[in-house]
Amino acid sequence: MALRTLITRKSPISTHLGFRGLQTFSLPDLPYDYGALEPAISGEIMQLHHQKHHQAYITNYNKALEQLDSAISKGDASTVVKLQSAIKFNGGGHVNHSIFWKNLAPVLEGGGEPPKASLGSAIDNHFGSLEALIQKMNAEGAALQGSGWVWLAVDKELKHLVVETTANQDPLVTKGPSLVPVIGIDVWEHAYYLQVFLSFSSYLNVSFLAQV
Amino acid sequence: MASTQGFSLSARSSNENVAAKIELKAPPYPLDALEPHMSRKTLEFHWGKHHRSYVDNLNKQIVGTELHGKTLEAIIVNTYNKGDLHPSFNNAAQVWNHDFFWESMKPGGGGVPNGELLELIKRDFGSFEEFEKEFKTAAATQFGSGWAWLVYKAQDNKLLVIKTPNAVNPLVLDYYPLLTVDVWEHAYYLDFQNRRPDYLSVFMENLVSWEAVSSRLQLAKAQAAQT
């Protein structure tokens, strides 16, 4: 049973071992068609977001990792440090988007259904209700200046749910090592802009509900 | 320290007795005038919704506060607070940045400047092509939301290219801004989607108002000479 689970479990991060064993990354497939989340999120947005934006983060992350590998081998400390921002931007972009695709689901596969079981009761306990949580995440998303993400997370140390935001492509862990993402909403403009007739607050609503 | 407070093309800000409300200024051309390089639809959303929201939200934030009645530039410097941003900084700076952006473009723009501006660009960048490359690179590599700028640094009497995140602008960094390009995704997503480099090429080839940049340089040098 455990072995079958191991074989069939889909890793959100697709990897392969390159030259000299440096692990580089490739674009994970979406578990649904580009158009499967319509009308909430358009197929055009999904395709651009996945094939262009996420792919670009992966391409640039791999490039940065190769440069890092080379700098480490040469003992070039200043280049190693200089590469950190490219790694955070692009590696963070890859990590965050991999989570995002996995958490969205078409309506026919349960996307948009309210959460049940332990997640449902944890939300009620900590925020009062699902509606209150949605309102809080919407407010945080709308208030975010520039580009970033809104997260529902578990704080493993405090043992409860929290709402948090990160700037640009900073992964959630940069806000606290004990934070584990449950839901992430991409609030970079590329995530919703082509549906300009859809207001931003509607995007926040549908994106949240598609992920619970 | 050279002061860039009060530096603006905006007539409203040169008068200390300003109307209490910040107004939304229209671009100096109709919304379809930059087609096909920047679509009317982009201007309608970018100016009509984004820029307008910054103005409306700023006015809501400052009413009844000590910022009410101050010039836009004064609000920006005050709320920048040496990098420890007050909540209204983003709106204030974005109002100014967008005014400056519309005025940095014109129908039939682009190409190469002439006169003193071109001489200074050649002096400080090596050639116009090298300036253009540095400007486009800065704009392409500003991660997330932000702006790229050609600025005049009075202390060194030099032209520089800089990039800034989110709403930060040269006024708070003590440079005189001369030219800007908006690289928030909303600026180019309808026309170019993810292709920011294509947007930047079209901007340089077809949209830049070198007349505006030259005027700003003359004004900057005159102001710098007074301080």
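This is a predicted model: local features need pLDDT of at least 70, side-chain atom pairs count only at pLDDT 80 or more; totals for chains, interfaces and linings use all residues.
Residues are numbered from 1 along each chain as its sequence is written, chains are lettered from A and ligands numbered from 1 in the order in which they are written, and side-chain values use heavy atoms, with hydrogens and water left out.

Of the 212 residues in chain A, 44% are buried, with buried meaning under 20% relative accessible area, exposed over 50%, and partly exposed in between (1.4 Å probe, protein chains only). When contacts in chain A between residues at least 6 apart in sequence are considered, 62% join residues at least 24 apart, a contact being heavy atoms within 4.5 Å.

The largest nonpolar core comprises 71 residues, and those with the most contacts inside it are Phe131(B), Val181(B), Tyr199(B), Phe203(B) and Trp210(B); such a core is a set of buried Ala, Val, Leu, Ile, Met, Phe, Trp, Tyr and Cys residues joined through side-chain atoms within 4.5 Å. Helix H3(B) gives the most to this core, with eight residues. Leaving aside residues up to four places away in sequence, Phe131(B) touches Ile121(B), Phe125(B), Leu150(B), Val161(B), Leu179(B), Met204(B) and Trp210(B). Apart from the core of 71 residues lies another, of 42 residues, which includes Leu48(A), Trp149(A), Ala153(A) and Leu194(A).

Helix H3 (residues 89-103) of chain B also packs against helix H1 (residues 40-62) of chain B, at an angle of about 145° and with the axes 8 Å apart; axes are lines fitted to C-alpha atoms, for helices over the stretch in contact, and angles run from 0 to 180 degrees between N-to-C directions. The crossing of H1(B) past H3(B) is left-handed, a term that applies if the near helix is turned anticlockwise from the far one by less than a right angle, the clockwise case being right-handed. On the side of H1(B), the residues that meet H3(B) include His46(B), Trp47(B), Tyr54(B) and Leu58(B), and their counterparts in H3(B) include Val95(B), His98(B), Phe101(B) and Trp102(B). By class, this contact has nine nonpolar, eight polar and one charged residues, with Ala, Val, Leu, Ile, Met, Phe, Trp, Tyr, Cys and Pro counted as nonpolar, Asp, Glu, Lys and Arg as charged, and the others, Gly among them, as polar.

In the loop between H1 and helix H2 (72-80) of chain B is Thr71(B), which counts as buried because its relative accessibility is 11%. The side chain of Thr71(B) reaches the backbone nitrogen of Ala74(B) at 3.1 Å.

Several backbone features were also identified. A cis peptide bond, with omega about 0°, joins Glu38(A) and Pro39(A), and Pro39(A) lies in the loop between strand E2 (23-26) and helix H2 (43-74) of chain A. In chain B, the peptide bond from Glu35(B) to Pro36(B) is cis, with omega near 0°, and Pro36(B) is placed in the segment before H1. Ala117(A), although not a glycine, has a positive phi of about 50°; this residue belongs to helix H5 (residues 117-127) of chain A and counts as exposed because its relative accessibility is 66%.

Conventions
Helices (H or I, at least four residues) and strands (E, at least two) are DSSP runs, numbered from the N terminus. A polar contact is a pair of N or O atoms within 3.5 Å; within protein, one must be able to donate a hydrogen and the other to accept it, and residues adjacent in sequence count only if both atoms are side-chain atoms.
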